[in-house]
Structure formats: C-alpha cells, structure tokens
Amino acid sequence: MPDLMKKLEILGDAAKFDASCSTSGGGRAGKPGQLGNAHSCGICHTWGADGRCISMLKVLQSNACIYNCEYCHNRRENDVPRATFSSEELAELTIEFYRRNYIEGLFLSSGIVKNPDHTMELMIGTMDILRRKRSFGGYIHMKTIPGADQLLIDKAGLLADRLSVNIELPSERSLELLAPQKKPENILTPMTHIRNTQSMYLEDGKKFSHAPLFAPAGQTTQMIIGATPDSDLSVLRLSEGLYRKMKLKRVYYSAYIPIGTHPTLPEPGTPPPLLREHRLYQADFLLRFYSFDAKEILEHSSPLLDMEVDPKCAWALRHPEFFPVDANRADYETLLRVPGVGTVSARRILEARRLGPLRPENLRKLGIVMKRARFFLTAGGKYEGSARHDHPFLRELLSDHAQVSQLSLFADPAQPKLAAPVSALPAFSGLDSA
Amino acid sequence: MTLLVYENSWEGFLSAVFEAFKRKDGFELARADCVCGVTLFERAEIAAHEPHARRVQRGMDRLGDAVAATAYQAWLSEKDGIENSIVMMLKRGFGENTDPLPLLMHPEIRAVVLASRHVGREAHRFLGLTRLKHVHGDLYAADFTHDYNLLPLMGEHFCARFGDQRIVIRDAARRQALVTGRGAWEIRRLPEGEIAPLPPDSMFEDLWRSYFDAIANPARKNLKLQQKFVPLKYRAHLTEFQGK
C-alpha cells in the first residue's frame, strides 16, 4: 500500500497541469448487473483546493519521459521523482474508487516511455483490463501520444469514451522553439485520423444498431496560454479552425505556470495569466454557443481580449448600431448578442413570447440579467436603460470589477519575453480559420 | 381557513390537492409531521386515497409533459408553503386549460418552477457528492444529509450504475434509506433507535485523500471558489474533507 500511495501522489501530482475535467458529451449505458455507466451531461464529484472540478482519476501511466519540452514539469532533464503504474494496479485503483462513487472514470495520460507506440500500448493495456476483464462501463478519457501508430489509435478509440491530442502551443513556430520533438504533423495527423474514424463509425451506427462505439464523447485538445507571444486572436482563430475542421468537442486553455528557464519563457515565480485564461474561455463559449466568428470577437488591429469587460460586452460596446434589440421580435441569434442574455434566457424569451407580448418587468423573471441587458433591449416599446449611452459610461457599467480583482490578485500576469507582431506568427498550416 | 393535513407521501399530497379543489373557502396544506400542537385554524386530516391521487396525476399529465414532474420535484424541496404554491399553480392551469409552467410572471408558478429546478440541481449534485463505504462483500453504504428530500431522485442512478453492488444510503433526519440491489431500488423506513456509524474503509479512503491533495495545483489555489462549489455544510460526509 505505501508503494501504491507514493505512486498515486507522484502520478496524480504530475497530471495536475491537464485542464480537462469534463465527463460529459458521451453517454454510455451500463449493462444490467455490471459496474458502471456514463451520463451524457457528466457529473462532478468534488472540487480541489484550486477550485477545479475533480470528476475523474486523472493520472499519468508513467511520468518518465524521453522528451525535453521546455514548459513541462516532467521533462527529461527535470529532477523529479519518477514512477510508473502497472496496468493491473491502475485498473484496480480505478475500479475501487469508482465503486465508492469517488469518480466518474479514468483520465489517462503519460510521459513518453521508450517511444510513442510503447507508451500507447501501456495505456491501452490498462483500458483493456478495465473494459474487457472487469466489464467496466464508466467513463475513460485517454490522451493519444503524438506520433503513435494509427492502429493503436484505433484500438484506443474502441475502448475510450474520449480521446485527446494536446496541441500544446498555439503556433507551429512556438512548438518548434519550445518542444522540437513534438512535430506539428505528429499532432495534426492523429487528430485528423480520429475525426475521420469517428465519422466512419457514426455512419455505421446509423445503419447497424450493434456497431461499436469509437470515442463517443469525441476528441478535445489543450493549449498552454502565456508561455509564448501568440495573441488571443491567433488562439481564437486556431480554436475556431479546430472546431470547424477537426470537429473537436472542446479546446481547453491552461494558464502557463512558469517552471522552465528557457530564455523565451516567463521566469519561474511569475504568476499565471488566470484572467486571460478566463477571458479566452468566455470567448470560446461565444464561438461554440453564440454563433460568433473569431474575427468578430477580435481584429488584427486589436488582437488581445479586453481584461475589464467580457468579450460579448466588448463586442456590444464596439457595435452600438446593432442595438437596441426588440425582445418581442428578435430571432434567437440576435437575442444572443445582447449582454445579459444567455442561451437559456434567449430560449425562454422565445417560449414566453408565444403566450403574449413581453414587458420589461417580465424579462427579469425569465432569468435575463437586466443590470446589463436594459441598455441593449426594449420590450413593449419600453426602454429601461439610461439616457446616457456614451462608451465610457456603458463600459464602466459593464466592467466586471469583482472578477478582475479576484483573478488579478497576483499583480503581474505572466508576460512572454519575445515580442512579435501577430502576423509574423502563423498558427498551424491548414487549421487557421481565416 | 382550514388546514388540510396530509400524510407524508406523494399520494397523500395529491389526495389533499384533490380535497383542496373541492373547497371554496380558504385552505392551507401541511405535512402531518410538520404540524404539532394547537393551530388557530380548523384542521382536517386527509388520508391518502389512491383514486383521488390518480385523478390529480392524470389531470397534471393532461396539462403538459413536465407539470407532474415539476410539481413532484418542487414538493420534495419541503419548503414552507410550497404545497400551497403547487395548488395555486394547478388551479391556474386547470382554470385556463393550459400548461402553467411557462407563466413565470405569476409568483406562485415561479416559486414552484424555481423550487423544482433547485431540487433537480441539488439531486444531480449529490449523485457526485455521495461517498460510499465498503461494508462487506458487495454491500456499500453512505450517509446523506440535506434540507431537501433527494433520495427518491437518486435511486435510479445508483441502481443502474452499481449493478453488481448492493447500496444503502441513509437519511437519518428523515429516518429513511435508499436501498438498491438486483436491478431494483426503493425507499425504506429506518428502524427506530440509534443509527450506528458506518465502519471505516481506511485503505481506499486514505488513497483518495492523498490523490485529492496531490491533484490540486498550488499555483491556482482558490479556497473561496472551492467553497462556492462545495459549501461547508456539505463536507461532513465527504471523505476528502474529513480530518481537515
């Protein structure tokens, strides 16, 4: 037990930089009399001291690694305790935690042991024990190792609910500088293969009810924010390309916590850019649920997200000609553009409208944040905003001071050392949505 | 004003709703275990009556797909006055022959819908926050505490997910337990007397606590955010917060 405890501490600690915590998007029906199923909406089991949801046993199979990526805690040259789980002990740990309702399932990543294929085989070994020997029906998210053989990715997809290949950094040039062993083609090729294979199995599933599932919760990726000079516009254009061309379910953004001493990286001890990460997630939601394009959220002339107002409010302030919007006439996409109106409240407006015309006093009860929306919305010919509509006045009212002060507790967010104009740093060829 | 006192069950409540619809004078509904001592109002004990309950259920189903489920979830909140709000909502629905749920501008309907939503969210939250201890063999058990009566909404999940386990989740305050096994689940009364504490399950509890401490990123420490998602009042039965 002391051995297992030590391994769990080392390999859980090593996995904490992976931001993905979601157990939603799939939905795996359990088998009667057997252990495990997965809900399509996901379930959070607890929250760590960093405020992040813990819903899976998130560990590395091994934190031994032959690579030496400059930004990584587990890089080859770092002197950290190393450990490796055997497939049997990791499968047993997962099952026992699951039985006690601690977790929804397993999130499995790894350092590169010997080579990508060998590493994938170790991880597939763990999943094989869970699915085939132990008939485990819970959620499994597996990291795909860049450069691994496609046959191994195929095997993994038939065992896991979700696969992910980390894109790590927002541009090919950054990758070349900080992680030269991770070639862009080794990241994009498996992503493309997963997308195509998933599509093929989905088509089969429509024709044959017993067709096997291939990564039913789709694929995701993660990129590090703040380690390189890539702008928010480059990040968002890359994310947009990943959603549209690679059909990813999620892109995760992880604020860089400086540990490396590479001359281009922020120095160790520099606070992570948490507020910037938060704004990127807000912008990401605009891409996915609010029908925004990346080029609407940011422009080349202003490629960084506003830290004081959220991206949707920033867009509204730049486009006063779009407002006010009539709550009784506007369509769903138009309503989504109003600050204070989200996807749920926009839907409620459309439903309530069928029963009769809406007045301003009805809107608050539908869950609309009238503190913001009243400047951009009318209902029944009434406008509850102020006569003042100038930019500084509205900007002050829409500023998120509490959030900004909380996330800016560490006074100076990490600033990358290299300064470069946006256009000099192409993202990934073939993925840029522009 | 008459106080309609019903036995603490959904069937009992629907029987009281049926009775309320017959009355023209003022009334209030109350669960039998919430009423003690002398009240100022005239009191009428309403026994559970299956045909009356079924009529009310069918009436709700005719109004709309979600009306019965919303009313049930709101009732599970056990909030003061929620029964009266449910009756007022149904009166409006039956009176106008329409699904009352979208009419959120009416305070009683809004109260029912919000209570139902909140109960649903809490039930989902506790699917994740319930920690099972291994007792022996295939038997696992947990203790549960909440202001809302959530166990009836959790039975299906635990029964389906842990198909090869038997589970008992005890709600000591309500003296009831969710019991699952062999593909079925039910709510049972706990026997009278003191409820013995569950035996320790130390090996995997220690491993879980160790993992929980290791996985948090110290550079992003935010205890306020953690408390927002896991309020202090929920931590008594959570393994990872015990001993802290």
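This is a predicted model: local features need pLDDT of at least 70, side-chain atom pairs count only at pLDDT 80 or more; totals for chains, interfaces and linings use all residues.
User: Which residues lie nearest the centre of the largest cavity?

Analyst: The structure holds three cavities of 30 Å³ or more, and the largest has a volume of about 650 Å³. Its lining comprises 36 residues. Those nearest the centre are A:Tyr71, A:Cys72, A:Asn166, A:Glu168 and A:Lys182.

User: Which elements give two or more residues to the lining of the largest cavity?

Analyst: The lining consists of 36 residues. The elements of chain A that supply two or more of them are strand E7 (219-225) and strand E8 (250-255).

User: Which residues of E5(A) are buried on each side of the strand?

Analyst: Strand E5 of chain A spans residues 139-143 and is mostly covered, five of its five residues being buried. Buried here denotes under 20% relative accessible area. In a regular strand, side chains alternate between the two faces of the sheet. On one side of E5(A) the buried residues are A:Tyr139, A:His141 and A:Lys143, and on the other they are A:Ile140 and A:Met142.

User: What is the bridge partner of A:Leu108 in E5(A)?

Analyst: Strand E4 (residues 105-109) of chain A runs parallel to E5(A) and is joined to it by four bridges. Within E5(A), A:Leu108 has as its bridge partner A:Met142.

User: Which residue of E6(A) is the bridge partner of A:Lys143?

Analyst: E5(A) is also joined to strand E6 (residues 162-164) of chain A, in parallel, by three bridges. With helix H4 (residues 150-159) of chain A, E5(A) and E6(A) make a right-handed β-α-β unit. The partner of A:Lys143 in E6(A) is A:Ser164.

User: Why is one side of E9 and of E11 in chain A left without a neighbour in the sheet?

Analyst: Three strands of chain A form an open sheet with mixed pairing, in the order E9-E10-E11. Strand E9 (325-326) and strand E11 (382-383) of chain A stand at the edges, so one side of each lacks a neighbour in the sheet. The reason is that each has a single partner strand.

User: Which residue of E11(A) is the bridge partner of A:Thr378?

Analyst: Strand E10 (residues 377-379) of chain A pairs with E11(A) over two bridges, in the antiparallel sense. In E11(A), the partner of A:Thr378 is A:Tyr383.

Definitions and conventions
Residues are numbered from 1 along each chain as its sequence is written. Chains are lettered from A and ligands numbered from 1 in the order in which they are written. Side-chain values use heavy atoms; hydrogens and water are left out. On a 1 Å grid over the protein atoms alone, a cavity is a set of points where a 1.4 Å probe fits but cannot get out, and a pocket is an open set with protein on both sides within 12 Å along at least five of seven lines; lining residues have an atom within 4 Å of a point. Grid points are joined across faces, edges and corners, and a volume is the space filled by probe spheres set on the points. Buried means under 20% relative accessible area, exposed over 50%, partly exposed in between (1.4 Å probe, protein chains only). Two strands pair if DSSP finds at least two bridges between them. A crossover is right-handed if, with the strands pointing away from the viewer, the path from the first strand over the helix to the second runs clockwise.
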